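My entries follow in the order in which I made them.

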Amino acid sequence: MKKLILSGIAILTLAFTSQVFAQKNPMVGGAAMYATKDIVDNAVNSKDHTTLVAAVKAAGLVETLKGAGPFTVFAPTNEAFDKLPKGTVETLVKPENKATLTKILTYHVVAGKMDSKAIAKAIKKGNGKAELTTVEGGKLWAYMEGGKLMLKDEKGGTSTVTIADVYQKNGVIHVVDTVLMPK
């Protein structure tokens with residue numbers, strides 16, 4: 001009887017721990033995001049990121065984003081890619097445009113694991129604006145606007161973080177509503 005009670009407590013504890021663990025990450029694109037999976041393995045399950053996943057594959061960045069990292073990825077949704085001029089995505093995924101596609105995609109990645117708390121700290125330290133250096137080598141600027149985390153790219157475009165702090169085994173993803181563009 002004692003063993004049965006202890007087993008029951010262990011099961012309840014495990015169920016509670018699993019529930020708390022699952023709640024830590026928001027759902028993205030209708031899919032659960034697991035902190036035990038890498039950026040690519042989570043992204044492929046999001047119905048809102050099929051264009052991004054196709055672009056990452058076309059650019060040959062799958063192995064990089066499956067690597068140890070850590071990486072902070074500002075992940076544009078399919079709707080973000082749809083905001084680009086008609087035919088842009090189709091042109092970018094062609095083999096002859098791999099260098100341009102890679103430049104754009106790596107502009108969405110910052111080395112290190114910067115969750116919203118780390119970004120907020122950097123914004124505070126920068127007196128309202130944090131300058132982030134991307135893996136591509138360019139700059140992004142993070143700031144708050146009306147309670148929303150915003151990003152400004154080198155061309156002056158802005159993007160809103162719509163889902164923050166999606167923790168991954170090798171970093172963190174922040175979902176954004178607009179594709180960011182380097183110089």
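**Strands and hairpins**

I began with strand β3 (residues 130–133) and strand β4 (residues 139–145), which pair in the antiparallel sense over four bridges. I took helices (H or I, at least four residues) and strands (E, at least two) as DSSP runs, numbered from the N terminus, and I counted two strands as paired if DSSP finds at least two bridges between them. This is a predicted model, in which local features need pLDDT of at least 70 and side-chain atom pairs count only at pLDDT 80 or more, while totals for chains, interfaces and linings use all residues. Residues are numbered from 1 along each chain as its sequence is written, and side-chain values use heavy atoms, with hydrogens and water left out.

Next I followed β4 to strand β5 (residues 148–152), an antiparallel pairing over five bridges. Here Y143 stands opposite M150 in β5. Two residues lie between β4 and β5 in their hairpin, and G146 in the turn has a positive phi of about 55 degrees.

β5 in turn runs antiparallel to strand β6 (residues 158–168), joined by three bridges. L151 stands opposite S159 in β6.

**Whole sheet**

I traced seven strands in an open sheet, in the order β2-β1-β7-β6-β5-β4-β3, with mixed pairing. β2 (109–111) and β3 are the edge strands, each pairing on one side only.

I then noted helix α8 (residues 116–125), which packs on the sheet and touches β1, β3, β4, β5, β6 and β7 (171–176); contact means heavy atoms within 4.5 Å. The direction of α8 makes about 90 degrees with that of β4. For such angles, axes are lines fitted to C-alpha atoms, for helices over the stretch in contact, and values run from 0 to 180 degrees between N-to-C directions.

**Confidence**

I checked pLDDT, the predictor's confidence in each residue, from 0 to 100. The protein averages 84, and 87% of the residues score at least 70. Over residues 1–23 the pLDDT is below 50, and this stretch has two contacts in the model beyond near neighbours in sequence. Where pLDDT is low, the predicted coordinates should not be read in detail.
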